[in-house]
Amino acid sequence: MPAQANANVVALQLEKVRDKVPLLYERDDILLTMIQQRGDVEKVSSRNMRLPLQVNPGGKAGSYNADGGDLGRGSGTSYDVAQVSPIFFRFAIEITKLVEYATNGRERAVENAAKREVANGMRQFRSFLDKLMQTAGNGVLGTISSFASTTWTMATPPGAALVYVGQTVQVYDSTLTTNRGTANVVAADPISSTQTITVDANPGGLTAGDVIVHDGLSGAQPVSLFGIKYHQNNATTGTWLNLNRATYPVQLATPRVNAGNAALTPANVRLAINKVRKALGINHLSKLIAYMAVEQEHAWENLGITVSQIIKEGGGSSGNDLDLLFTGRKTMSGVPIKSSVNADQTRVDFLDLSHWGRAVLKDIDFYEVNGNTVFPIYGASGGLAASYIFYFDTAFQVWDDSPRSGAFIDSLARPSGY
Amino acid sequence: MKSAPRNRGGASNRAPTPASRILVVRESHETPESVAQSLALAGGWNRFGEPNYRAVWGWNRLAWIGGKFEDRDEQGNLLRERFELRLEPKYPAVNRWHIERWLPPETYGSPRQWRAQTHEMAGGQNVPALGPYPSRGEYEHCFTLETPGGNFLQLTPMIAQHIARAIERSRSFPGAAKRRALYEHLGREERAYEDWAYGLLDDAAPAFHKQPFVTVA
């Protein structure tokens, strides 16, 4: 009988927590997981999922002459089909042999190490996918406005908000045609006004204006998760879920308010909300949420018409007395606010998440080969390396069957101090 | 088929028979005088002698909305398109009390800026999407009164006072403190997730691997 290896013990611990992985993943606290899975369409094969859309109404209305007049011909409703195909995402976690040595190989200690890595890894994976949800569907996590040695100053938005330390990123030219190579992020500062990233080494040919995309993409014009800026977009050219935007310039365009680099005002908010109401019916707003970066939540607080977080947390002299009154959510002209550190710092999106969904090909789980979920690492020599690796993987894509049900304000100024 | 709408009393607003043609389409309420006074005392008066805070019932609070309207039936089918200026409920929650705060006209920029920002071309016409410039300022939404579960909550003078005072206290905090509080709040959410996740995983692999405790005599 072969001796028990540490990988076996780690695998055993992973199996113990396996049924908890979906719970850790589907936690309803970030935008990605707020998007409901809609029962009738959530499970898809590797072929495209088809979303039939009613793009134009049918029927011919008008008056007629009842004294023998011609009533004319009719017409029918026009439909078209949007399509989505899932993208595979993975998150790799390595545990080094040092864990075993540091814990003397005791099973309980290995269990704790495995649990810790599962919890941390899942948090990071969800965070990564949530960052992709902020993008325009091409995997672009930022634009390098300038660089000095291996420190890159990132253009805001999104600045350095969409990367994390330790992440491998790829650099493309600004037209997303030439892949210049990869780099590993060793420091990122998404909070201060400098918005810099430091990497281990610059790819060859690095140029100001280049963009960074996540690892795993390849070729020109890569396709990644269809995020907010893909669906909430008022462009009239390009494609949207395989439909030509030029064919349906009104139906596929999300109402936009251009703030012109000025600070957020109540007028901006009312304009955006009213655009949705005018398009969908005056009282069809019950499901909207106002999604924004912390910066814009702060800008809204600066208008002095809301109860700030300080009071809500009980920081005021009698803040606790008020807690029972609060639903826990601030609102923007009556629309609940959801803020995120990942959201575009110059934008407010009004989302009707009842129109959003996920086409899921593979639910989140450990990556498995013949029942194995933990794999040894091999060194450059071909011998074993002192590490083990396991993966989370999932395959899905995000869709929105009614781009006109939302609205967005963009080109907002950031409040001072950011 | 969509069920007939119901009023707050629970009675169905079914299609009226010839004998009874009363149809409740909107419920209006005036703000109780005691609430109005409480809010005025808590928040003071503006330069026009009007209270800084007021409470309004959703259906009663109307605002100008201009542009191209697409009127639809209950199934969402387009019935007609019209270019006009309408007075419509300002807030989506029409069956709730709302607390509003007065903002001075300068909040909205100059009349020229207002025109540039809010006028829209629709059907060959230049339509003021938010109506005329608010030369006397405007009351903006602060707070919708409802229970933590999102249900109706009756407006009382004490509640109104509390909210007005909380907003006033919020206004006195410096921007840096507000910013720090927002990030701290997000940090607390992160830590709460961590605690929850570890607890969840501990449940999956409990202490002593579910072996029963054995009493040693």
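Predicted model: local features only at pLDDT ≥ 70, side-chain atom pairs only at ≥ 80, totals over all residues.
**Domains**

Let's start with how the chains divide up. Chain A splits into three domains: domain 1 (6-56 + 80-134 + 357-398), domain 2 (140-214) and domain 3 (228-356 + 401-410). Where domains 2 and 3 of chain A touch, each gives six residues. On the domain 2 side of that contact there are four nonpolar and two polar residues, with no charged ones. Chain B has domain 1 (33-172) and domain 2 (174-203), and the C-alpha centres of these two chain B domains are 33 Å apart.

**The sheet in chain A**

Chain A has an open sheet of six strands, running β12-β20-β16-β13-β15-β14, with mixed pairing. Which strands stand at its edges? They are β12 (256-258) and β14 (331-332) of chain A; each has a single partner strand, so one side of each goes without a neighbour in the sheet. For β14(A), there is an antiparallel pairing with β15 (335-340) of chain A over two bridges, and T331(A) has P336(A) in β15(A) as its bridge partner.

Helix α7 (266-280) of chain A packs on this sheet, where it touches β12, β14, β15, β16 (348-352) and β20 (407-410) of chain A, and its direction makes about 155° with that of β20(A). Helix α8 (294-302) of chain A lies across β13 (288-293), β14, β15 and β16 of chain A, at about 105° to β13(A).

**Strands in chain B**

Over in chain B, three strands make an open sheet in the order β1-β4-β7, with antiparallel pairing. Here β1 (53-57) and β7 of chain B are the edge strands, and since each has a single partner strand, one side of each is left without a neighbour in the sheet. The twist from one strand to the next averages 35°.

| Strand pair | Sense | Bridges |
|---|---|---|
| β1(B) and β4(B) | antiparallel | five bridges |
| β14(A) and β15(A) | antiparallel | two bridges |

**Nonpolar cores**

The largest nonpolar core holds 83 residues, and V10(A), L14(A), L129(A), A272(A), A290(A) and F350(A) have the most contacts inside it. Helix α5 (107-132) of chain A supplies the largest share of this core, 10 residues. Leaving out residues up to four places away in sequence, L129(A) touches L32(A), F89(A) and L225(A). A second, separate core has 23 residues, including Y53(B), V56(B), I99(B) and L155(B).

**Where the chains meet**

How many residues of each chain take part in the A–B contact? There are 58 from chain B and 56 from chain A. Elements giving two or more residues to the chain B side include β2 (62-72), β3 (78-89), α3 (157-172) and α4 (175-204) of chain B. The largest share of that side comes from α4(B), with 18 residues. By class, the chain B side has 32 nonpolar, 13 polar and 13 charged residues.

Key
Residues numbered from 1 in each chain as written. Chains lettered and ligands numbered in written order. Contact = placed C-beta atoms within 7 Å. Helix = DSSP H or I, 4+ residues; strand = E, 2+ residues; numbered from the N terminus. Nonpolar A, V, L, I, M, F, W, Y, C, P; charged D, E, K, R; others polar. Pairing = 2+ DSSP bridges. Axes fitted to C-alpha atoms, helices over the stretch in contact; angles between N-to-C directions. Domains from an automatic or database assignment. Core = buried A, V, L, I, M, F, W, Y, C linked by C-beta atoms within 7 Å. Buried ≥ 20, exposed ≤ 12 C-beta atoms within 10 Å, placed from the backbone.
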